[in-house]
Amino acid sequence: MVITLLTLVVTLTLADQLATRLGPQGVAGAPRSATPESSAAASVPAVSASPSATPDVSTHLVYATGDIGDCPHTVPAVAQLVRNRHALILAVGDIVYPSGQPSGFERCFDPVWGKLKARIRPVPGNHDYLTRDAAGYFAYFGAAAGDPSQGWYSFDIGSWHVVALNSMCQDVGGCRASSPQITWLEADLAAHPTGCTLAYWHHPRFTSGDGGSPRRTEPMWEALYAAGAEIVINGHDHDYERFAPLDPAGRLDPQRGMREFVVGTGGANLTRRVRVAPHSEIWTRDYHGLLELTLQPGRYHWRFVAAETQRVIDAGSGRCH
């Protein structure tokens with residue numbers, strides 16, 4: 001009996017030591033992403049989208065999604081992902097379908113997102129402007145949406161400068177280099193020479209989706225690129241897509257290029273891909289969800305979280321220029 005008990009103790013001790021070395025996944029060490037700075041969905045383990053840790057006051061979480069309120073198809077699970085997290089939400093246009101009417105904000109958006117309204121920093125989309133002058137959009141968000149004749153504004157999040165732009169160019173005096181918006185943008189960037197800059201608006205300059213790639217936003221890219229910006233976030237196409245760092249002409253530029261995310265996954269019906277855009281690194285129309293950004297001095301991390309499963313579909317990191 002003594003020998004049997006001794007054998008059992010030794011066996012359990014060795015098993016505990018082995019489990020400690022291997023960890024909970026049964027492999028030695030943590031999995032590594034495909035590259036130091038980014039990884040595609042295939043190399044991202046499916047993990048729970050639990051709240052990210054905030055190690056210090058210089059780290060800030062930001063969430064982004066667009067194409068949201070679509071009765072009766074608004075997806076409450078997207079809002080639920082951020083309901084208990086104290087962070088700003090960038091709403092990247094087409095807030096209410098089909099036409100941005102005040103009744104749409106009341107019936108299709110507010111019941112799901114209303115409790116988060118104070119944390120939302122919106123930009124308008126083409127469906128919001130189907131109500132004349134986007135009156136429903138500007139009435140609902142008030143001062144948070146900027147001047148109703150413009151729809152652009154900027155603010156800071158920690159060490160990052162954030163610029164909200166209006167890609168409905170025909171309604172705000174155009175988007176040419178000499179237009180009021182681009183003139184304002186260049187002055188704003190010059191007045192905020194921070195180490196890291198993020199910009200967002202509705203229509204993507206580059207996309208594999210069915211919304212096309214409007215050249216009218218190229219002056220926005222040119223001004224931001226000249227100022228050394230890092231990230232552009234758009235909606236319009238109802239999918240999730242991430243691009244490699246690009247210059248305004250869409251050429252690969254690992255040194256100074258901006259990384260574009262398309263996040264039209266806030267609740268409207270998901271749509272198809274019509275092309276494979278150059279330098280697109282990941283595309284999916286399988287999930288509603290949102291982009292989570294962790295902004296730090298000199299760098300950023302991203303995760304795309306699927307609302308239906310609360311799983312991370314894409315993740316990676318980058319450095320500021």
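**Stop one: a charge over a ring**

Select Lys117 and Tyr140 to begin: Lys117 lies over the face of Tyr140, at 4.0 Å from the ring centre, where a charge counts as sitting over a ring if NZ of Lys or CZ of Arg is within 6 Å of the ring centre and within 35 degrees of the ring normal. A second example is found by selecting Arg256 and Tyr225, where Arg256 lies over the ring face of Tyr225, at 4.4 Å from the ring centre.

Some reading notes belong here. This is a predicted model, in which local features need pLDDT of at least 70 and side-chain atom pairs count only at pLDDT 80 or more, while totals for chains, interfaces and linings use all residues. Residues are numbered from 1 along each chain as its sequence is written, and side-chain values use heavy atoms, with hydrogens and water left out.

**Stop two: the whole chain**

Now zoom out and colour by secondary structure, which shows six helices and 14 strands; helices (H or I, at least four residues) and strands (E, at least two) are DSSP runs, numbered from the N terminus. Of the 321 residues in the protein, 53% are buried, where buried means under 20% relative accessible area, exposed over 50%, and partly exposed in between, with a 1.4 Å probe and protein chains only. Among the contacts in the protein with a separation of 6 or more, 72% are between residues 24 or more positions apart, a contact being heavy atoms within 4.5 Å.

Next, colour by pLDDT, the predictor's confidence in each residue, from 0 to 100. The average for the protein is 86, and 83% of the residues score at least 70. Select residues 1–54, however, and the pLDDT is below 50, although this stretch has 58 contacts in the model beyond near neighbours in sequence. Where pLDDT is low, the predicted coordinates should not be read in detail.

**Stop three: aromatic rings**

The structure holds 17 aromatic pairs; rings of Phe, Tyr and Trp (its six-membered ring) pair if their centres lie within 6.5 Å, and planes under 30 degrees apart count as stacked, over 60 as edge-to-face and the rest as tilted.

How are the rings of Tyr137 and Phe138 arranged? Their centres are 4.8 Å apart and their planes stand at 85°, so the pair is edge-to-face. Tyr137 is buried at a relative accessible area of 0%, and Phe138 is also counted as buried, at 7%.

Now select Phe206 and Trp221, which form an edge-to-face pair with 5.0 Å from centre to centre and 85° between the planes. Phe206 lies in the loop between strand S7 (196–200) and helix H6 (218–226), and Trp221 in helix H6, so the pair ties together parts that are 15 residues apart in sequence. Phe206 counts as buried at 10% relative accessibility, as does Trp221 at 0%.

**Stop four: Leu185**

Select Leu185, which is found in helix H5 (residues 180–191) and is buried, with a relative accessible area of 0%. Leaving aside residues up to four places away in sequence, Leu185 touches Val163, Leu165, Met220, Ala223 and Leu224.

**Stop five: the disulfides**

Finally, display the cysteines: a search of the whole structure finds three disulfides, a disulfide being a pair of cysteine sulfur atoms within 2.5 Å.

Start with Cys71 and Cys108, joined with an S to S distance of 2.0 Å; the torsion about their S-S bond is about -125°, so this disulfide is left-handed. Cys71 lies in the loop between strand S2 (60–65) and helix H2 (76–80), and Cys108 in helix H3 (residues 102–113), so the pair ties together parts that are 37 residues apart in sequence. Cys71 is partly exposed at 31% relative accessibility, whereas Cys108 is buried at 3%.

Move on to Cys169 and Cys175, joined at 1.9 Å from S to S, with a torsion of about -90°, so this disulfide is left-handed.

End at Cys196 and Cys320, joined at 2.0 Å from S to S. Here the torsion is about 115°, so the disulfide is right-handed. The pair links distant parts of the chain, with Cys196 in strand S7 and Cys320 in the segment after strand S14 (311–319), 124 residues apart. Cys196 is buried at 2% relative accessible area, and Cys320 counts as buried at 14%.
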